[in-house]
Amino acid sequence: MAQSHIEWTEMTWNPVTGCDKVSDGCRFCYAEAFAKRLQGMGVEKYRNGFQLTLHPETLREPFRWKKPRVVFVNSMSDLFHKDVPVDYIRQVFCVMKQNPHHVFQVLTKRADVLKYYESERWLDWAHNIWMGVSVESRNTMHRIDRLRDTDARVKFLSCEPLLGPLPEMNLQGIDWVIVGGESGRNARPMKPEWVQEIREQCIAADVPFFFKQWGGFNKKKAGRMLDGRVWDQTPEMPGLLVG
């Protein structure tokens, strides 16, 4: 568990590390670069670099957090990677369910795996487990339908890195949309009209809209103002304080 600089969460928790690329949004994966840097520093958890690695010793960590937290699960991996055993995923879900005072945000690019596990009734959802899918381009918009088919109480989209327009998204049943540009030395540009179009879709559908960043080589300088204001809307949930 670690404090996070990601604007839409508070902490990160990584019961799995390592991954591989499945779509164009993965091309300049920040987690891969970070994992290799930690490996070079001799950090034991990243001894395998960005090779998929389970960390069952981390499963007790949430039980030690007394203050309610908003937690991004697997910022350094994808819980629904095909090589993560279903039984291990179910253990992670069990831990999240047993800690109802925390919000756990799970994000995947592997929406087909998510849908299959859901169809097999292997996922035990709880009110505090938020499920999201990455939607970075038109080619990945099908992930929204896969997410919608789940019984997750809160469903969200992470349109980051946004690589093109996402017109006419079906936001029925979607509770939150996050948008952000790619950052780093090789960042691909994001056009303002792409962001504005998504924002207007969210307004029309009454879905909270969160603009994370413009990105680029110097993301701090670029900031996160959109049309003169910061958009940091989040879902509301009774009994949980978020944002």
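Among contacts in the protein chain between residues at least 6 apart in sequence, what percentage join residues at least 24 apart? The share is 72%, where a contact requires heavy atoms within 4.5 Å. The structure is a predicted model, in which local features need pLDDT of at least 70, side-chain atom pairs count only at pLDDT 80 or more, and totals for chains, interfaces and linings use all residues. Residues are numbered from 1 along each chain as its sequence is written, and side-chain values use heavy atoms, with hydrogens and water left out.

**Overall dimensions and composition**

- The protein chain contains six helices and 12 strands; helices (H or I, at least four residues) and strands (E, at least two) are DSSP runs numbered from the N terminus.
- Along the principal axes, the C-alpha atoms of the protein chain fill a box of roughly 45 × 40 × 35 Å.
- Of the 243 residues in the protein chain, 53% are buried; buried means under 20% relative accessible area, exposed over 50%, and partly exposed in between, with a 1.4 Å probe and protein chains only.

**The sheet**

- Eight strands form an open sheet with mixed pairing, in the order E1-E2-E5-E6-E7-E8-E9-E10; two strands pair if DSSP finds at least two bridges between them.
- The edges of this sheet are strand E1 (2-3) and strand E10 (209-213), each of which pairs on one side only.
- In general, strands of a sheet pair through backbone hydrogen bonds, either parallel or antiparallel.

- Helix H2 lies across E2, E5, E6 and strand E7 (129-134), and runs at about 145° to E2; axes are lines fitted to C-alpha atoms, for helices over the stretch in contact, and angles run from 0 to 180 degrees between N-to-C directions.

**Backbone geometry**

- Most residues other than glycine have a negative phi, and most peptide bonds are trans.
- The peptide bond from Glu160 to Pro161 is cis, with omega near -5°; Pro161 belongs to the loop between strand E8 (154-159) and strand E9 (176-180).
- Asn74, in the loop between E5 and H2, has a positive phi near 65°; this residue counts as buried because its relative accessibility is 1%.
- Asp206, in the loop between helix H5 (192-205) and E10, has a positive phi near 60°; its relative accessible area is 71%, so Asp206 is exposed.

**Cysteines**

- A search of the whole structure finds zero disulfides, a disulfide being a pair of cysteine sulfur atoms within 2.5 Å.
- For Cys26, the nearest cysteine sulfur is that of Cys29, 6.5 Å away; Cys26 counts as buried because its relative accessibility is 9%.
- Cys94 has a relative accessibility of 37% and therefore counts as partly exposed.

- Gln201 is located in helix H5 and counts as buried at 14% relative accessibility.
- Leaving aside residues up to four places away in sequence, Gln201 touches Leu166, Pro167, Glu168, Met169 and Leu171.
- Met141 lies in the loop between E7 and helix H4 (142-148) and is buried, with a relative accessible area of 18%.
- With residues up to four places away in sequence again not counted, Met141 touches Val135, Leu166, Pro167, Glu168 and Met169.
- The C-alpha atoms of Met141 and Cys159 are 9.9 Å apart in space, and these residues are 18 residues apart in sequence.
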